[in-house]
Amino acid sequence: MGAHSKGAARRGAAAGKPHAEESTPAPDRGSPPDRGSPPDQDSAPDRGSPPDQDSAPDRGSVPDRGSARDRYFDTLRALALVRVVAYHAFGWPWAGLVFPSMGVMFGLAGTLMARSLRRPAPTVLRSRLRRLLPPFWCWGLFVVGAMLVRGWMPGWQIVYWVVPLGDPPGSAWGEQAWEILWYLRTYLWFVLLSPLLLRLFRLAPVPVLLLSLVPIVVLQFLWQPPGNRFGTGLLDLATYLFCWILGFAHHDGVLARARAVAVVALSSAALACGAWYAFAHRSEYGTYDLDDIPLAQALWSAGFLTLLMYARARLGTGFPGPVRMRRLDRLVSVFNARAVTVYLWHELALVLAVPLIDRCWDVPAFEAYLPLESQWFLLGVGWVLIVVFVLLFGWVEDVAARRRPRLVP
């Protein structure tokens, strides 16, 4: 499923004063990519085009007063983004157990996709591509340009840098930046398959939802997919298929009509099986990190997300009280309006934070009074750089969504 370094490049700053050539070591190519949080393409309706149904309230849920946004889901999306940045800085193997951000994000995206498909499917697909590709191209100009300057020579696979239907190629030197693109590829395929998946789901909602876990079981025990673009893409789709279709179930009110006993029992069983599989096969995978264990990831995300969505659909859980504070509410809005930018640029920000901290060691005052060896300090510098990237390139999301460009949304 690709490769990721789990913050290996950043850990150099915590081991004492690193050398410049050690600031951005090549990541371990044998480990799978981080399954952190993906961005959402549905942060606001388009202006200058027919209203996007993504801004309409969910069936079975009550949006916040005065807003068509579901602040409960907006908060989950913001938390998912924060979690993936922290995971990439620290590499915590338990992060996915505390909050499986990838499963949550695919579930939220599935709900929004079902809502949008009230309109003709071709219109919705064009809207999704328009929102996704320009921020991706903007980011890719810098990443591809840097790899070309470093001597990388791509083949015909460079077409995946135009439309990421497969994993875009890249050099080992730049892998820590482009490894996160597995999400864009998986999201794009789910979007393209959604008209068919939604029609199939509505023929038999509950059976289709339950059977959506079958593909990952088949790939785990009956057929090992090849290690090429097709195999990794298929594995990722199978891992998060249940979460995407659960989004359909939330939108169509299937969860709201389900019995609480059945939902809690099945969700608990999925959580128990996912945790058991992760820890029982710890020696096989070398970790209990769900990002490295597709079956455990699928089961744990299924149980966790079902409980979150059931609480919203059936119990009417609203926006958490403390987050109703104006500043935090504003921060949630910014995260959702700039989700693509934060996701694409956060890894570069963490990578660039390392040589920046290296330079601080040359200033006696900084060396004496700043916690340069702390990973928390590196995370703080990384967030500062993320803010800079959001200010510099976040407006591309506005243009892609046909909104008036703003420095801060």
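View 1. For the protein, mean pLDDT is 84, and 81% of its residues reach 70 or more. This is a predicted model, so local features need pLDDT of at least 70 and side-chain atom pairs 80 or more, while totals for chains, interfaces and linings use all residues. Numbering runs from 1 along each chain as its sequence is written, and side-chain values use heavy atoms, leaving out hydrogens and water.

**View 2. Helix 2 against helix 15.** The axes of helix 2 (residues 71-90) and helix 15 (residues 326-337) come within 9 Å and cross at roughly 70°. That makes helix 2 roughly perpendicular to helix 15 (65 to 115 degrees). Helix 2 brings Arg71, Asp74, Thr75, Arg77, Ala78, Leu81 and Val82, and helix 15 answers with Asp329, Val332, Ser333, Phe335 and Asn336.

**View 3. Helix 4 against helix 7.** Here helix 4 (residues 101-116) and helix 7 (residues 182-203) have axes that come within 10 Å and cross at roughly 50°. So helix 4 is oblique to helix 7 (oblique being what is left after under 35 as roughly parallel, over 145 as roughly antiparallel and 65 to 115 as roughly perpendicular). Among the residues meeting here are Phe106 and Met113 of helix 4 and Trp182 and Phe190 of helix 7.

Key: Axes are lines fitted to C-alpha atoms, for helices over the stretch in contact, and angles run from 0 to 180 degrees between N-to-C directions. Helices (H or I, at least four residues) and strands (E, at least two) are DSSP runs, numbered from the N terminus. Contact means heavy atoms within 4.5 Å. pLDDT is the predictor's confidence in each residue, from 0 to 100.
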